[in-house]
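Subject: Structure handover and notes

Dear colleague,

I am passing on the structure below, together with my notes on it. Please read the notes with the model open beside them.

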Amino acid sequence: MTIVRDGVDKWACFHCPGGCGETIKLSLSNNRKPKWTAVPDWLKRPTISPSVRQTNECPCHFWIRQGRVDWCKDSRRSPSRTTK
Ligand SMILES: [Zn+2]
């Protein structure tokens, strides 16, 4: 996970943990929508809220809490290779 800062936190960038290989870029800046907040704990592990849902073919839905991926129940996280 990379937090891009330019004075203020701008983006949280990380690879999708669902296996699709997509780079997820969450906006942390106040004047964009949707926006997320990334709050680091004392070990600088970020907790992201709200949860992250992929809008591509990858059906990931997860929280990031203290730098760890916390899967939501409705996430079908196994990387599927089925054709559409
Ligand atoms: Zn994915």
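A word on conventions comes before the findings. This is a predicted model, in which local features need pLDDT of at least 70 and side-chain atom pairs count only at pLDDT 80 or more, while totals for chains, interfaces and linings use all residues. Residues are numbered from 1 along each chain as its sequence is written, and side-chain values use heavy atoms, with hydrogens and water left out.

Overall fold

The secondary structure of the protein consists of zero helices and seven strands, where helices (H or I, at least four residues) and strands (E, at least two) are DSSP runs numbered from the N terminus. Buried residues make up 30% of the 84 residues in the protein; buried here means under 20% relative accessible area, exposed means over 50%, and partly exposed lies in between, with a 1.4 Å probe and protein chains only. The accessible surface comes to about 6,200 Å², and 50% of it belongs to carbon and sulfur atoms, as computed by the Shrake-Rupley method with a 1.4 Å probe, where for residues only the protein chains shown count as cover. Of the contacts in the protein with a separation of 6 or more, 24% are accounted for by residues 24 or more positions apart, a contact being heavy atoms within 4.5 Å.

Sheet and hairpins

Three strands form an open sheet in the order β1-β2-β3, with antiparallel pairing; two strands are taken to pair if DSSP finds at least two bridges between them. Because β1 (2-6) and β3 stand at the edges with a single partner strand each, one side of each is left without a neighbour in the sheet. The twist averages 25° from one strand to the next, with axes being lines fitted to C-alpha atoms (for helices over the stretch in contact) and angles running from 0 to 180 degrees between N-to-C directions.

Five bridges join β1 to β2, and in these Ile3 stands opposite Ala12, while Asp6 has Val8 as its bridge partner. These two strands form a hairpin with one residue between them, and Gly7 in the turn has a positive phi of about 85°.

β6 and β7 form a hairpin with two residues between them.

Zinc site

The zinc ion is coordinated by Cys16 (SG), Cys20 (SG) and Cys58 (SG), at 2.0 to 2.4 Å. Donors are N, O and S atoms within 2.8 Å of the metal (3.2 Å for Na, K and Ca), and since water is not among the atoms, sites may look incomplete. The donors follow the spacing C-x3-C-x37-C along the chain, and distant parts of the chain are linked by the pair of Cys16, in the loop between β2 and β3, and Cys58, in the loop between β5 and β6, which are 42 residues apart. Both Cys16 and Cys58 are buried.

Leaving aside neighbours within four places in sequence, Phe62 is in contact with residues including Phe14, Ile24, Val52 and Trp71.

Backbone details

Most residues other than glycine have a negative phi, and most peptide bonds are trans. The peptide bond from Lys33 to Pro34 is cis, with omega near -5°, and Pro34 lies in the loop between β3 and β4. A cis bond also joins Ser49 and Pro50, with omega about -5°, and Pro50 is placed in strand β5. Lys44 has a positive phi near 65° and sits in the loop between β4 and β5, where its 71% relative accessibility makes it count as exposed. Gln66 has a positive phi near 50°, and at 42% relative accessibility Gln66 counts as partly exposed.

Best regards
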